[in-house]
Amino acid sequence: MGDAGRTGGVRRDDEAVSRFVERFAAQLTEAGMQRMAARVFAQLLASDGGAMTSAELGEALRISPAAVSGAVAYLTQVNMVSREREPGSRRDRYVLHNELWYETFTRRDQILVLWEKTLRDGAATLGTDSPAGARIAETAAFFEFMQEELLGLMDRWRTHRATLDLPAP
């Protein structure tokens, strides 16, 4: 069972943990994440170590090794987890990145920059005096605004996080 059933010596309610994992996974799926990847991500997030083997994930989620493999491939591709070799073993462990949300939103910022440039090129191609060009130019301006706000938000988060009673990342 890995660390799924214990925390700090206190027994967890495995059913309640499972309900949380499924509820959060459903919300991630509604937001656009692949369903199985969302379930694996939520399970890793709910594990004390932030890392589990394929077998542990399969057992906790009651899914096949193939389903775990596909989900992990997606999560690795979008840089939400990484694969590490379990010490002294040939088994892989799937690990959440440190400062997961910060890294995820920072990478999202890079996507916003790319989208903004493409949209500005599109607006120029269509002509900003056309309805489509104006709409695309406004979208580019929105992504530019989001990028600037996101950078400030991440800086404010780091400052705020330092004031919280949380373990170091």
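**Group meeting talk: a sheet and its helices**

In this chain, Met52 has Tyr94 of strand 5 as its bridge partner.

First, some ground rules. The model is predicted, so that local features need pLDDT of at least 70 and side-chain atom pairs count only at pLDDT 80 or more, while totals for chains, interfaces and linings use all residues. Residues are numbered from 1 along each chain as its sequence is written, and side-chain values use heavy atoms, with hydrogens and water left out.

The chain contains six helices and five strands. Both kinds of element are DSSP runs numbered from the N terminus, helices being H or I with at least four residues and strands being E with at least two. Read from the N terminus, their order is β-β-α-α-β-α-α-β-β-α-α. Of the 169 residues, 32% count as buried; buried means under 20% relative accessible area, exposed means over 50%, and partly exposed lies in between, with a 1.4 Å probe and protein chains only.

Let us return to the sheet. Strand 3 and strand 5 run antiparallel and are joined by three bridges. Two strands are said to pair if DSSP finds at least two bridges between them. On strand 4, residues 81–85, the pairing with strand 5, residues 92–96, is also antiparallel, over five bridges. Here Arg85 has Asp92 as its bridge partner. These two strands form a hairpin with six residues between them, and Gly88 in the turn has a positive phi of about 70°.

In what order do the three strands of the open sheet lie? The order is 3-5-4, with antiparallel pairing. Strand 3, residues 51–53, and strand 4 are the edge strands, each pairing on one side only. On average, neighbouring strands of this sheet are turned by 30° against each other, direction ignored.

Next, the helices. Helix 2 lies across strand 3, strand 4 and strand 5, at about 80° to strand 5. For such angles, axes are lines fitted to C-alpha atoms, for helices over the stretch in contact, and the angles run from 0 to 180 degrees between N-to-C directions. Helix 3, residues 54–61, packs on the sheet and touches strand 3 and strand 5, its direction making about 90° with that of strand 3. Contact means heavy atoms within 4.5 Å.

Helix 2, residues 35–46, also meets helix 4, residues 65–77: their axes come within 8 Å and cross at roughly 85°. That makes helix 2 roughly perpendicular to helix 4, a term for angles of 65 to 115 degrees. Met36, Ala37, Val40 and Phe41 of helix 2 make the contact with Ala67, Ala71, Val72, Tyr74 and Leu75 of helix 4.

Not counting residues up to four places away in sequence, Glu116 touches Ala140, Phe143, Glu144 and Gln147.

Arg62, in the loop between helix 3 and helix 4, has a phi near 55°, a positive value in a residue other than glycine. With a relative accessible area of 68%, Arg62 is exposed. Asn79, in the loop between helix 4 and strand 4, likewise has a positive phi, of about 60°, although it is not a glycine. Asn79 is partly exposed, at a relative accessible area of 35%.

Definitions and conventions:
Angles under 35 degrees count as roughly parallel, over 145 as roughly antiparallel, 65 to 115 as roughly perpendicular and the rest as oblique.
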